[in-house]
Amino acid sequence: MLKYIIKRILMLIPVLLGVSIIVFLIMRVLSPDPAPIVLGQHATQQAVEAWRQANGLNDPIYLQYFHYLQGALTGDLGTSYYTKSPVTKEILARFPATIELAVVAIILASFFGILIGVISAVKKNSIFDNAGMFLALIGVSMPIFWLGILLIIFFSGYLHWLPSNGRINPLLEPIRVTGFYLVDSLVTGNMNSFKDALQHIILPASALAMYSMAIITRMTRSSMLDTLQQDYIRTARAKGIEEGRVIIRHALRNGLIPIITVIGLQLGSLLGGAVLTETVFSWPGIGAYTVACILKSDFPVVQGVVLLVATIFVLMNLLVDVIYGFLDPRIKYSKKEV
Amino acid sequence: MLLEVKNLCTEFKLKRGIVKAVDDISFTIDKGEILAIVGESGSGKSVTSLSIMGLLQKPGRVAGGEILFKSQDLNKLSQKELKKIRGNHISMIFQEPMTSLNPVWRIKDQIMESIMTHMQISKKEALARTIEMIDTVGIPSAAQRANDFPHQMSGGMRQRVMTAMALACEPELLIADEPTTALDVTIQAQILELLYRMREKFNMAVLLITHDLGVVSEAADRVIVMYCGKIVEEADVRSLFSHPLHPYTVGLLQSIPQIDDDCDKRLYMIKGMVPNPLNMPPGCPFSDRCDHSMERCTKEMPELKEMSGRKVRCFLYKEAVEGGLAEK
Amino acid sequence: MKVKNSSNWSESLVQAAEYVERPESQLKVMWETLRQNKAAVVGLIIIGLLVLIALTVWGSELMGKQILPYDPNYSDMSESFIPPNASHWFGTDQLGRDMFSRILAGTKISLFVGVAAVAISLTVGVILGAIAGYRGGKTDTFIMRLMDMMLAIPSILLAIAFMAALGKGLDKAIIAIGLVSIPEYARIVRGSILSVKENDFVQAAKVIGNRSSRIIYKHILPNVISVIVVRATLGISSAVLDTAALGFLGLGVQPPFAEWGDMLGRARGFIFTAPYTLIFPGIAITITVLAFNLLGDGLRDAIDPKSRIK
C-alpha cells in the first residue's frame with residue numbers, strides 16, 4: 001500500500017511540472033505584453049522598456065521559466081505587478097475564504113446527494129425517485145452563477161432572510177485562529193460571529209453545491225441500484241437481516257466506493273465553480289481575485305493561483321485513490337494464498 | 001411434518017403476459033430428510049425455494065397455496081415475522097459462492113451477524129461459536145481464517161463459509177440451491193459430504209435443488225422431478241434411478257453418459273425444446289417431446305397419481321404399475 | 001458458431017469473417033431504442049425548436065429582414081426597465097432593448113459556440129487519441145501525459161486562462177472552450193483502440209491481409225462512434241454552460257452580440273430593482289442545456305446493450 005502511494009506521488013511530479021509549463025506558456029507566450037496594460041496607455045516607451053527589464057521580461061523564455069520554477073519550489077511565486085506584494089501573501093490572505101466555501105459546499109453536496117440517491121434507488125420508479133432524478137437533471141443544467149442570483153433574489157431580495165454578499169459583518173469578525181470564520185468563531189465561543197458567518201455562507205455554498213449534488217445523487221442512485229442487485233444482498237436478506245441494515249451496512253458500504261471517487265473528482269469542478277460563485281456573492285476569495293487579475297493582466301498572480309489549484313486538485317485525486325484503496329479490501333489486502 | 005407445501009403457485013407478471021413459474025405443486029419434507037428437486041433451467045425449482053423463503057422480488061409473487069412450516073403458513077406472515085425465521089429456522093445457501101459473500105466484510109463478521117441477529121448471546125460467545133462453525137465445516141486454522149475477506153479464499157472454501165453462515169443458528173431446514181454447480185467435481189464431493197455430516201450432527205432437513213442427477217443419486221433420500229413448473233414425478237432415490245416412470249425422467253437418465261458406453265455412441269438428447277412459458281400448449285407440457293405421447297396428451301393435463309409410495313403425472317399409468325418404461 | 005478445429009486462431013478467423021456489425025446498422029439500433037425514451041424525445045424536440053429559432057434569426061439577418069419583434073440591438077433609454085407586459089413579453093433591459101428579441105437572438109450564438117467548440121474538441125481529440133492508440137509507445141505516453149496535464153487544471157480556470165491570453169471575443173471563446181475538452185475525446189478514442197487492438201479477431205483480420213483502414217472502419221469505428229456521439233451531445237451542453245460563464249465574467253462574446261451569459265453579467269447590478277432582467281436569460285440557458293442533457297442521457301442509455309430493444 002505504501003509503495004503504491006509513493007509511486008503515485010512520484011508520478012505527480014512530472015504532471016505538476018507540465019502544468020507549470022502550460023500555465024507559464026499561456027501567460028507569458030500566448031498573452032499580449034502586460035507592460036502597456038499595467039503602466040497605462042500614456043506610459044512612455046522608455047518606462048515600458050524599463051519596466052520590462054525590471055520584471056525580467058526581456059530574458060529568454062527558458063531563463064524566465066527557470067527563475068519562476070526556482071522561486072516556486074521555495075515558496076516564492078513572484079510579485080504582483082500591481083500591488084507589488086508577494087503573490088504568495090496575496091493568495092494566502094484570500095485562500096481560506098475559498099476553502100471554507102468549498103468545504104461547506106462539498107459537505108452539503110455529499111450529504112444530500114447520498115441521502116437522496118440512496119432513497120431513490122431503494123424506492124426505484126416511485127414519485128420520490130422520479131422527482132429526485134428530475135431535480136438532479138435540472139441541477140446539472142443550471143448555470144451556477146444564475147442559481148446564485150436566483151437565491152439572492154428570493155432569500156435576500158424577497159424574504160430578507162439572508163445577506164446577499166460578503167463573508168461576514170465586519171464588526172463581527174472573529175479572532176483569527178485558522179482563517180475559517182466558522183471554525184474560529186466556534187473555537188473562541190463567539191456565537192454571534194458564528195451565526196453571522198453561517199448566514200453569509202449558506203447561500204453561496206448552496207449555489208456552489210448544487211451541480212455537484214446533482215452529480216452525486218445520480219451517481220449514488222446508479223451505484224446503489226447496481227449494488228442492490230448483487231448476490232450478497234440476497235444472502236444478507238436470506239439471513240433474516242433487517243432491511244434497513246441490509247441497505248446501509250451491506251449495500252451502501254459497497255456502493256460508496258465509486259461514490260467517493262466521484263466526490264473527489266467534484267472538487268475540481270467546485271474550485272472552478274467557486275470563481276463564479278465568488279463573483280456573484282462578492283465573496284472575498286481567490287476566485288474573484290484571480291478573475292480580476294486576469295482582466296488586468298497581472299500574470300504572476302494568475303500563474304500562482306492556477307499552479308496552486310492544479311496542485312491541490314492533483315493531490316486530492318491521489319487522496320481519493322488512497323481512500324478507495326482503504327475502502328475496498330480487495331485492493332488493500334492483496335491476495336495471499338488461495 | 002417439518003415443511004408442507006400445498007398447492008403452491010408462483011407467477012411473474014411481465015409486460016408480455018403472466019408466467020406461471022410454479023404451477024400448483026405440493027410436497028413435504030420431514031425432519032432430517034434430504035429431498036432433492038431436479039429439473040432443468042426454467043422448471044421452477046429455484047423459484048420454489050425463493051417462494052418458501054419469501055425472497056421473491058418484483059415482478060414475482062406467490063399467487064396461491066400454503067407453505068406450512070411447523071404448521072405455520074409462511075405465506076401469511078409479514079416480512080418482519082419472516083425475518084425471524086430466515087437464517088434461524090430455515091436457512092439458504094446459493095449457487096455462486098464467488099459473489100454471494102459481501103466482499104468488504106470479514107468472514108467472521110458475516111457469520112457473527114447471523115448469530116447476533118437471532119440469538120441473544122454476547123459478542124464474545126458469538127465469535128467463539130463462529131470459529132467453531134468455521135472449523136466444523138472443515139476449514140483449517142479456523143481462528144486465523146475467520147479474519148479473512150472472501151476474495152482471499154477459494155470457491156470451495158467460500159461455499160463452506162456460506163454453509164457455516166447458514167448453519168450458525170442451527171436451522172431445522174436448509175435449502176441448498178445448486179450448491180455445487182459452480183464448483184469442480186472434487187470440491188463438489190466435499191461439499192455434499194459436508195451437508196451429509198451436518199444432517200447427521202444437527203438432524204437437519206435439506207431441500208436440495210439441482211439439475212445434476214449425479215448429485216441427486218449421491219446425496220438425496222427422495223427426489224421430485226419438475227418440468228415447466230409442475231411436479232411430474234416423485235419417488236425415493238433408489239426407485240427413481242432403477243425404475244424411472246415418467247418419460248421425462250427416463251430421458252434425463254438416458255442422457256447421462258455411462259463409463260462403459262461405446263465410444264462411438266452418440267450422446268442422447270431429449271428431442272425438442274422446453275415450451276415458451278408465455279405460450280404453454282394445452283395438455284401435458286412434455287407431450288411434444290415425448291416418445292410415447294398419445295392424442296390425449298396434447299389435450300388434457302394428466303393428474304399427479306400416487307402409486308405404491310411414488311407419484312407420477314402421466315397418462316401412461318392408470319393403476320399401480322410395476323415395470324415402468326426402462327429397466328436399468 | 002460451429003468451428004470444427006479447436007485452435008484459437010481459426011476461431012478468430014471465422015469470427016472476423018462473420019463480424020458484420022457495420023457502423024450504420026449500429027446507429028439504427030441506437031435510434032430505435034432512443035425513440036422509446038420519452039425524455040430524450042422531449043430533449044430532441046426542444047433542440048429542434050432551438051435550432052429552428054437560431055436558423056430563422058440567422059437567415060433573417062443574412063437577408064436583411066427583421067423577423068424578431070424588435071431589433072435586439074436597438075436601444076431606447078426612455079423604454080428601459082419596463083417589466084414584462086403585452087408589448088415586451090420579457091420586458092426591457094437597462095438600455096431599453098427588448099429582452100425577448102435578445103434572448104431569441106442569443107439562441108443563435110449559444111448553439112453556434114456550443115457546436116463549434118465541441119467540433120474543435122472532437123476533431124483534435126480524436127486525432128490525438130487515434131495517433132496515441134495506434135502508434136503506442138513513446139508517442140502514446142507523450143500525448144497522454146499532455147492530456148493529463150490539461151486535465152489537472154479545472155476546466156473553467158483553464159478556459160479563463162486561455163481567454164486571458166487570447167483576448168475577448170466570440171472566436172477566442174470558441175477556441176478556449178474547445179481546447180479545454182480535448183483530453184476527454186482523446187482518452188475515449190485511445191481507450192477504444194487499445195481494447196480492440198488486443199482483440200484476437202483484429203489480429204486475425206490483419207493476418208488475412210485487411211488493410212489498416214479497413215480494420216479501423218469495420219472493427220474499431222462502431223464501438224467508438226456511439227461513445228463519442230454521447231460525449232459530444234453532453235459536451236455541447238457543457239460548452240453552452242461554459243460560454244455563458246465566460247460571458248458572465250465579461251470574457252466571452254462581446255457586444256453587440258446578444259449572449260445570455262453576458263446579459264446576466266451586465267444586469268447583476270439590478271438584481272433587486274429589476275429581477276426580470278436576470279431571470280429570463282438564465283431560463284434560456286437552463287432549457288438549452290437541459291435539452292442536450294436529456295438527449296445525451298437518452299443516447300447513453302441507448303448504447304448500453306442491456307437496455308437495447310431488439
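Begin by selecting chain A of this predicted model: of its 338 residues, 44% count as buried. Displayed as a cartoon, chain A shows 14 helices and zero strands. Its C-alpha trace spans about 85 × 60 × 40 Å along the principal axes. Among the contacts in chain A with a separation of 6 or more, 72% are between residues 24 or more positions apart.

Next, select residues 127–141 of chain A, which form helix α6. This helix has 15 residues and reaches 21 Å from its first C-alpha to its last, close to the 21 Å expected at 1.5 Å a residue. Colour the buried positions of α6(A): Gly132(A), Met133(A), Ala136(A), Leu137(A), Gly139(A), Val140(A) and Ser141(A). In an α-helix there are 3.6 residues a turn, so residues three or four places apart point the same way.

Now display chains A and C together. Here 37 residues of chain A are in contact with 31 residues of chain C. On the chain A side, the elements that give two or more residues are α1 (2–30), α6, α7 (144–158), α11 (243–281), α12 (286–296) and α13 (299–327). The largest share, nine residues, comes from α1(A). By type, this side of chain A divides into 29 nonpolar residues, eight polar and no charged.

Finally, move to chain B and colour by confidence. The mean pLDDT of chain B is 85, with 97% of its residues at 70 or more. Select residues 320–324 of chain B, where the pLDDT is below 50; beyond near neighbours in sequence, this stretch has six contacts in the model. Where pLDDT is low, the predicted coordinates should not be read in detail.

Terms used
Residues numbered from 1 in each chain as written. Chains lettered and ligands numbered in written order. Predicted model: local features only at pLDDT ≥ 70, side-chain atom pairs only at ≥ 80, totals over all residues. Helix = DSSP H or I, 4+ residues; strand = E, 2+ residues; numbered from the N terminus. Expected span 1.5 Å × (residues − 1). Buried ≥ 20, exposed ≤ 12 C-beta atoms within 10 Å, placed from the backbone. Contact = placed C-beta atoms within 7 Å. Nonpolar A, V, L, I, M, F, W, Y, C, P; charged D, E, K, R; others polar. pLDDT = per-residue confidence, 0-100.
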